[in-house]
Amino acid sequence: MSLKVLNPNAEVLKKSAALHININAAKGLQDVLKTNLGPKGTIKMLVGGAGDIKLTKDGNTLLREMQIQSPTAIMIARTAVAQDDISGDGTTSTVIFIGELMKQSERYIDEGMHPRVLVDGFEIAKKATLTFLEKFKTPVVMGDDPDKEVLKMVARTTLRTKLYEALADQLTDIVVNAVLCIRKPQEPIDLFMVEIMHMRHKFDVDTRLVEGLVLDHGSRHPDMKRRAENCYILTCNVSLEYEKSEINAGFFYSNAEQREAMVTAERRTVDEKVKNIIELKNKVCAGTENNFVVINQKGIDPPSLDLLARAGIIALRRAKRRNMERLVLACGGEAVNSVDDLTPDCLGWAGLVYEHVLGEEKYTFVENVKNPHSCTILIKGPNDHTIAQIKDAVRDGLRSVKNTLEDEAVVLGAGAFEVAARQHLINEVKKTVQGRAQLGVEAFADALLVIPKTLAENAGLDTQDVIISLTGEHDRGNVVGLNQYTGEPIDPQMEGIFDNHSVKRQIINSGPVIASQLLLVDEVIRAGRNMRKPT
């Protein structure tokens, strides 16, 4: 009432209406993303304002690209997107889990139960589930020589939920090898050192890992070689072009000789830098078949390019700053900022440097490097949306391998953890809870089952049959997951279906927090100036 006095145009939704709006928003978002979960999930087609198409089943992409109106749904979407930023996966699961918590709560609230009691139960159940997760996880030793098979299993589980099986299996090796290539002992893994490059060319199965670097530009001089073997690589950040002085200065000359002398003096500094590079090339390549490549972050003007071409040097200009870091890690040597005291020690090495022309685009490949700590995943595909789909999947795959290396633990997948956690909550935790908070624990436990239920539903199986057979096996003490092809229980460890420990922990942490906040809302006030209805 008091609000109405202050602002007569404010819209106010009272207790049950406010709660049902929040619950319906969570359920609505859940229904949209539900069909995407798991390897058998369907694909969504997003059409932009300009008619551009995006095909994806990646929850993160969907939530970022979809135009969501409901403020409650936006809040849930942001939580799920934050989940992706932190751990690289689990967006769809987060949305479905929050939606299911709200759905389970609705049953009890409609019977007259207070949301606060449910929220207390959620909190107890969340802590118990996190403790259970620590016991349930499978530790994996990741020393200097990690077990490649485990990493492949985790990457395969992630990639199969984003792409079709044959392509996912091919990308699994690429992703695992890429992360192991950039990994350095006792240092955090920097995934930016994996360059993700795409070419609209051939088919998606032609995607490959280049142990070296692919640059998205070529040399700028017609006389430079297009292919060179056994190359010294000079990575530099030096301006090899004539730059005007900052002061406005004028020159006066009375005859042609003076003018010539002035032009020569103008270019002298640039030419001396180029001569220093040519001298180094002559020093290291004299009497051998070796070649010399200069990759510069700044510009190289046509006269300098001409001098370098005559000396038989391949020169690339305006490389990305990120690529300068990657080049040094891939080829060795060091990036130089001055050409005054160049030594052979600052040179890297590559067995093969060649240019690939694709329509208007030029790509330079730097391959056969000796001890790479940086690499490139070269994504190929016949059209833009195939490439975008693979790109999203590769990013998630890289994050899943990185998470496994950092967590040093994995969790059994295929819905096995959710069913085991539910049985643990119902059979053990619920008995220790006093009073009505038990119902909150029960609602949380039932909500966990949404993951195996949705996996079964998306595979076209009967959800009730699946849940009964899975819980039956767990009661007998067998940890089993769901076989998506037959609907029978399987041992995820034998099938190699593993999820990331950090992703599961994040889902269990963030889901109940958002659900609790939404359940405790008892009044929604739309009182902003722009919300006001026209009078």
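**Exercise 1.** Does His-221 count as buried or exposed, and at what relative accessibility?

*Solution.* The model is predicted: local features need pLDDT of at least 70, side-chain atom pairs count only at pLDDT 80 or more, and totals for chains, interfaces and linings use all residues. Residues are numbered from 1 along each chain as its sequence is written, and side-chain values use heavy atoms, with hydrogens and water left out.

Step 1. His-221 has 10% relative accessibility and therefore counts as buried (buried: under 20% relative accessible area; exposed: over 50%; partly exposed: in between; 1.4 Å probe, protein chains only).

Step 2. His-221 lies in the loop between strands S7 (213–215) and S8 (227–236); strands (E, at least two residues) and helices (H or I, at least four) are DSSP runs, numbered from the N terminus.

Step 3. Beyond neighbours within four places in sequence, His-221 contacts Arg-226, Leu-305, Asp-306 and Ala-309 (contact: heavy atoms within 4.5 Å).

**Exercise 2.** Determine how helices H5 and H18 pack.

*Solution.* Step 1. The axes of H5 (residues 91–110) and H18 (residues 501–519) are 9 Å apart, at an angle of about 40°; axes are lines fitted to C-alpha atoms over the stretch in contact, and angles run from 0 to 180 degrees between N-to-C directions.

Step 2. H5 is therefore oblique to H18 (under 35 degrees is roughly parallel, over 145 roughly antiparallel, 65 to 115 roughly perpendicular, the rest oblique).

Step 3. Residues of H5 that meet H18 include Phe-97, Leu-101 and Ile-109; those of H18 that meet H5 include Ile-507, Pro-512 and Leu-518.
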